[in-house]
Each structure stands twice: as structure tokens, then as C-alpha cells.
Amino acid sequence: MNNFLIELIKEIPVKGGGKINYYVNKGLIELDALVYNLFKLNSIYYYYYFALYVKGAPIEKIIDTIIKSKDAYIIYESAINLTSKLDSNLLTKLEDAIIETKNAEYIYKFAHNIKGANIVK
């Protein structure tokens, strides 16, 4: 693991993705190297913030990993805050995943707050 890249990733929840986006845009860091180190952290917390703030983040791969976590809060937050980055297939995956958590609070919030959610399921 590259400690510099790990430290940059760990800054995202506090500082946003400005620094990483700058380094990637200038060609100083490869996005693939960041993603590789991101997944070595094994933390849905960092995956979520990476998807939220880093331009070009592998949204589908991150969403699939978040879904596997079965964490209702992060699944819901991903749907609500990443809506502009999600296609209908990924939104459907998140919808199915929130239902599988059997967490009534977040199922209700998802159905109520996510535009295009299928509340009939």
C-alpha cells in the first residue's frame, strides 16, 4: 500500500476530493492506483466518500461493494447522495439491497426520499 495515496483517501471525508481530483487531472497520480489502494482499506465509509467526491470513481464497483456490506445506512446514503451518478440499473440494485436489509426505517426513507424508487416491491 502506498502511504501517500492512503492518506489522500483518508482525507476525503473531511476535506472532499479537491486535492485528489487536482492530482489526477494534472497527471501526478493515476486514478487506477488510487482505486487499488482504496479497496485495500476495506472500508465502505471510504468507498462511499470516494464515490461521492472523486471524479471518475468506479461507481458500479463501489456500489456493488457497498451492497455486499448490507449496511442499510450507507446503502441509503449512496442512493440519496449519488443519484446523479447512478443509472437506473444501479438504483434498482440499491433498492433491492435496502429491502434485503429488512431495516424498516431505511426502507421507508428510501421509498419516500429516492426519486424513482419502486415503492410497490
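The legends below describe close-up views of one predicted model.

Residues are numbered from 1 along each chain as its sequence is written. Because this is a predicted model, local features need pLDDT of at least 70 and side-chain atom pairs count only at pLDDT 80 or more, while totals for chains, interfaces and linings use all residues; side-chain values use heavy atoms, with hydrogens and water left out.

**Figure 1. The whole chain.** The chain holds 8 helices and 0 strands, where helices (H or I, at least four residues) and strands (E, at least two) are DSSP runs numbered from the N terminus. From that terminus on, the order of elements is α-α-α-α-α-α-α-α. Along the principal axes, the C-alpha atoms fill a box of roughly 50 × 25 × 20 Å. Of the 121 residues, 42% count as buried, that is, under 20% relative accessible area with a 1.4 Å probe and protein chains only, whereas exposed means over 50% and partly exposed lies in between. Among contacts (heavy atoms within 4.5 Å) between residues at least 6 apart in sequence, 55% join residues at least 24 apart.

**Figure 2. The largest nonpolar core.** A nonpolar core is a set of buried Ala, Val, Leu, Ile, Met, Phe, Trp, Tyr and Cys residues joined through side-chain atoms within 4.5 Å. The largest one has 41 residues, and F50, I62 and F110 have the most contacts inside it. At least two residues of this core come from each of α1 (3-15), α3 (31-41), α4 (44-53), α5 (59-69), α6 (72-81), α7 (88-101) and α8 (104-113). Helix α3 gives the largest share, 6 residues. In soluble globular proteins, nonpolar side chains tend to be buried together.

Figure 3. The buried residues of α4 are Y46, Y47, Y48, F50 and A51. Their cover includes α1, α3, α5 and α6. Leaving aside neighbours within four places in sequence, F50 is in contact with I9, I12, L31, L34, V35, L38, A57, P58 and I62. L52 also lies in α4. Not counting residues up to four places away in sequence, L52 touches N81, L82 and K85.

**Figure 4. The packing of α5 and α7.** These two helices pack at an angle of about 5°, with their axes 10 Å apart. The axes are lines fitted to C-alpha atoms over the stretch in contact, and angles run from 0 to 180 degrees between N-to-C directions. Helices α5 and α7 are therefore roughly parallel to each other, a term for angles under 35 degrees. I59, E60, I63, D64 and I67 in α5 meet L90, K93, L94 and A97 in α7. The residues of this contact divide into 6 nonpolar, no polar and 3 charged; Ala, Val, Leu, Ile, Met, Phe, Trp, Tyr, Cys and Pro count as nonpolar, Asp, Glu, Lys and Arg as charged, and the others, Gly among them, as polar.

**Figure 5. Two lysines in loops.** K70 sits in the loop between α5 and α6. K70 is not a glycine, yet has a positive phi of about 60°. With a relative accessible area of 56%, K70 is exposed. K102 is found in the loop between α7 and α8. K102 has a positive phi of about 60° although it is not a glycine, and at 70% relative accessibility K102 counts as exposed.

Technical notes:
Angles under 35 degrees count as roughly parallel, over 145 as roughly antiparallel, 65 to 115 as roughly perpendicular and the rest as oblique.
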